[in-house]
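Keep the sequence and the coordinates in view while reading.

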Amino acid sequence: MSPPQGCGEALRSAREQSGLSLQDVSQRLKMPVRVLQALEAGQWDQSGGAVFVRGQLRSYGRLLKLDVGPFLAHSEPVGAPPPVRAGNGHRPRCH
């Protein structure tokens with residue numbers, strides 16, 4: 001999952017316009033400052049898995065009154081292969 005262009009800048013700009021520091025946001029969202037820094041820097045791979053990043057972005061956007069939906073829509077992996085189902089190849093017979 002890679003960040004779309006402009007997402008980090010939009011978050012940082014909205015935070016600064018709200019008069020909030022990274023520490024303020026960290027305390028309000030109960031999110032580490034390093035995660036917030038990674039989101040603003042576009043280093044989503046350092047923020048945890050895709051599910052975590054999506055939740056973090058939604059929370060951050062809600063706090064800043066910033067619609068992150070368009071950024072999330074453009075961050076979906078394209079052409080990702082379907083998950084492989086693990087198994088041992090054994091199928092029980094029906095009697």
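A nonpolar core is a set of buried Ala, Val, Leu, Ile, Met, Phe, Trp, Tyr and Cys residues joined through side-chain atoms within 4.5 Å, and buried means under 20% relative accessible area. The model is predicted. With these terms, the largest nonpolar core has 19 residues, and L11, L39, L57 and Y60 are those with the most contacts inside it. Two or more residues of this core come from each of α1 (7-17), α2, α3 (33-41), α4 and α5 (69-73). In soluble globular proteins, nonpolar side chains tend to be buried together.

The chain as a whole contains five helices and zero strands, so that reading along the sequence gives the pattern α-α-α-α-α. Of its 95 residues, 31% count as buried. Taking contacts between residues at least 6 apart in sequence, 57% join residues at least 24 apart.

Leaving aside neighbours within four places in sequence, Y60 is in contact with L11, R15, L22, V25, L29, L36, L39 and E40. Y60 also takes part in two helix contacts, that of α2 with α4 and that of α1 with α4.

Two packed helices are described by the angle between their axes and the distance between the axes. For α2 (residues 22-29) and α4 (residues 50-64), the axes come within 11 Å and cross at roughly 110°. Angles of 65 to 115 degrees count as roughly perpendicular, and α2 and α4 are therefore roughly perpendicular to each other. Their crossing is right-handed. On the α2 side the contact is made by L22, V25, R28 and L29, and on the α4 side by S59, Y60 and L63. Sorted by class, these are five nonpolar, one polar and one charged residues.

Not counting residues up to four places away in sequence, L63 touches L20, V25, R28 and L29. With a relative accessible area of 24%, L63 is partly exposed. L63 and R15 are 48 residues apart along the chain, and their C-alpha atoms are separated by 9.0 Å.

The packing of α1 on α4 has an angle of about 35°, and the axes are 10 Å apart. This crossing is left-handed. Here C7, L11, A14 and R15 of α1 meet L57, Y60 and L64 of α4. The contact of α1 with α4 divides into six nonpolar residues, no polar residues and one charged residue.

Next comes α3. Which residues of α3 are buried? They are V35, L36, A38, L39 and E40, and the buried residues of α3 pack against α1, α2 and α4. After α3 comes G42, with a positive phi near 75°.

Is F71 buried or exposed? F71 has a relative accessible area of 17%, and because buried means under 20%, F71 counts as buried. Between F71 and A10 there is a separation of 61 residues in sequence, while the distance in space is 9.9 Å, C-alpha to C-alpha.

Definitions and conventions:
Residues numbered from 1 in each chain as written. Predicted model: local features only at pLDDT ≥ 70, side-chain atom pairs only at ≥ 80, totals over all residues. Heavy atoms only, no water. Axes fitted to C-alpha atoms, helices over the stretch in contact; angles between N-to-C directions. Helix = DSSP H or I, 4+ residues; strand = E, 2+ residues; numbered from the N terminus. Parallel < 35°, antiparallel > 145°, perpendicular 65-115°, else oblique. Left-handed = near helix turned anticlockwise from the far one by under 90°. Contact = heavy atoms within 4.5 Å. Nonpolar A, V, L, I, M, F, W, Y, C, P; charged D, E, K, R; others polar. Buried < 20%, exposed > 50% of the residue type's maximum accessible area, 1.4 Å probe, protein only.
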